Amino acid sequence: MCRKLVVTNEIFLGARAICYEAYSLPKGEVVELTEKQIRDALKGITTDEVYGLELSEAGELVMDKKNFFTTNMMKKIHTNTLIPMVEEDCLANLFYIVIGTHKEKGNTMYDVISSRYERTSFTEEKVKTLLDMHIISAGAKLENGAVVVASLEKPTAPVADGKQKEDKEKSDTL
């Protein structure tokens, strides 16, 4: 079973990172994942899809700024204490992550989850305001005055002759 996991918070024990919290779609449950579990999912070893983080060239977990537009993330350092990982451009103690859109009375509504796992919807104007304030930390960005929402679908290789193309490394070895 494929789970779509949106990483929301990094959990610390003192100064040591111990795991990440992720929101599982569509069930809406909170899941804790170790760095190894996230790396395995990002490498395609498991069927889980992880959004919000990616692997750097050095193999380290970093914020996925390119595909999921992650600009910041909360870290939980003590019970009920959330602080931004990047503190210089945000004073908020709550972030929102855009996870999709839907139409309501002819208007586009943006589905969001918070770093405290509230699930709600915002209007386009509110999303633009929260993006300007750096309170939406992932899942959407402003581009030429319009809100662009990140896709919750992993890109797949092109299909040829009804079969999924193998990745470049496998095809180079044939």
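Close-up 1. Lys36 counts as exposed, at 55% relative accessibility, whereas Asp40 counts as buried at 14%. Buried means under 20% relative accessible area, exposed over 50%, and partly exposed in between (1.4 Å probe, protein chains only). The side chains of the two residues, Asp40 and Lys36, meet in a salt bridge with an N to O distance of 2.8 Å. A salt bridge here requires a side-chain nitrogen of Lys or Arg within 4 Å of a carboxyl oxygen of Asp or Glu. Asp40 and Lys36 are four residues apart in helix α1 (residues 35-43), so about one helical turn separates them. Helices (H or I, at least four residues) and strands (E, at least two) are DSSP runs numbered from the N terminus. The model is predicted, so local features need pLDDT of at least 70 and side-chain atom pairs count only at pLDDT 80 or more, while totals for chains, interfaces and linings use all residues. Residues are numbered from 1 along each chain as its sequence is written, and side-chain values use heavy atoms, with hydrogens and water left out.

**Close-up 2. Lys128 and Glu124 in helix α2.** A salt bridge joins the side chains of Lys128 and Glu124 at 3.8 Å, N to O. Both residues lie in helix α2 (residues 124-132), four residues apart, about one turn of the helix. Lys128 is partly exposed, with a relative accessible area of 27%, and Glu124 is partly exposed at 32%.

**Close-up 3. The network of Lys4, Glu49 and Glu153.** Salt bridges that share partners join Lys4, Glu49 and Glu153 into one network. A search of the whole structure finds nine salt bridges. In the one between Lys4 and Glu49, the closest N and O atoms are 3.0 Å apart. This pair links distant parts of the chain, with Lys4 in strand β1 (residues 4-13) and Glu49 in strand β4 (residues 49-51), 45 residues apart. Lys4 counts as buried at 19% relative accessibility, and Glu49 is buried with a relative accessible area of 16%.

**Close-up 4. Aromatic pairs.** Rings of Phe, Tyr and Trp (its six-membered ring) pair if their centres lie within 6.5 Å; planes under 30 degrees apart count as stacked, over 60 as edge-to-face and the rest as tilted. By this rule there are three aromatic pairs. One of them is stacked, because the rings of Tyr23 and Tyr117 have centres 6.2 Å apart and planes at 10 degrees. Tyr23 lies in strand β2 (residues 16-25) and Tyr117 in the loop between β10 (107-114) and β11 (119-123), 94 residues apart. Tyr23 is buried, with a relative accessible area of 4%. The rings of Tyr96 and Phe122 form an edge-to-face pair, with centres 5.0 Å apart and planes at 80 degrees. Tyr96 belongs to strand β9 (residues 96-104) and Phe122 to strand β11, so the pair ties together parts that are 26 residues apart in sequence. Both Tyr96 and Phe122 are buried.

**Close-up 5. Backbone features in loops.** The peptide bond from Leu25 to Pro26 is cis, with omega near 0 degrees, and Pro26 lies in the loop between β2 and β3 (29-33). Phe69, although not a glycine, has a positive phi of about 60 degrees. Phe69 is found in the loop between β6 (61-63) and β7 (74-78) and counts as buried at 11% relative accessibility.
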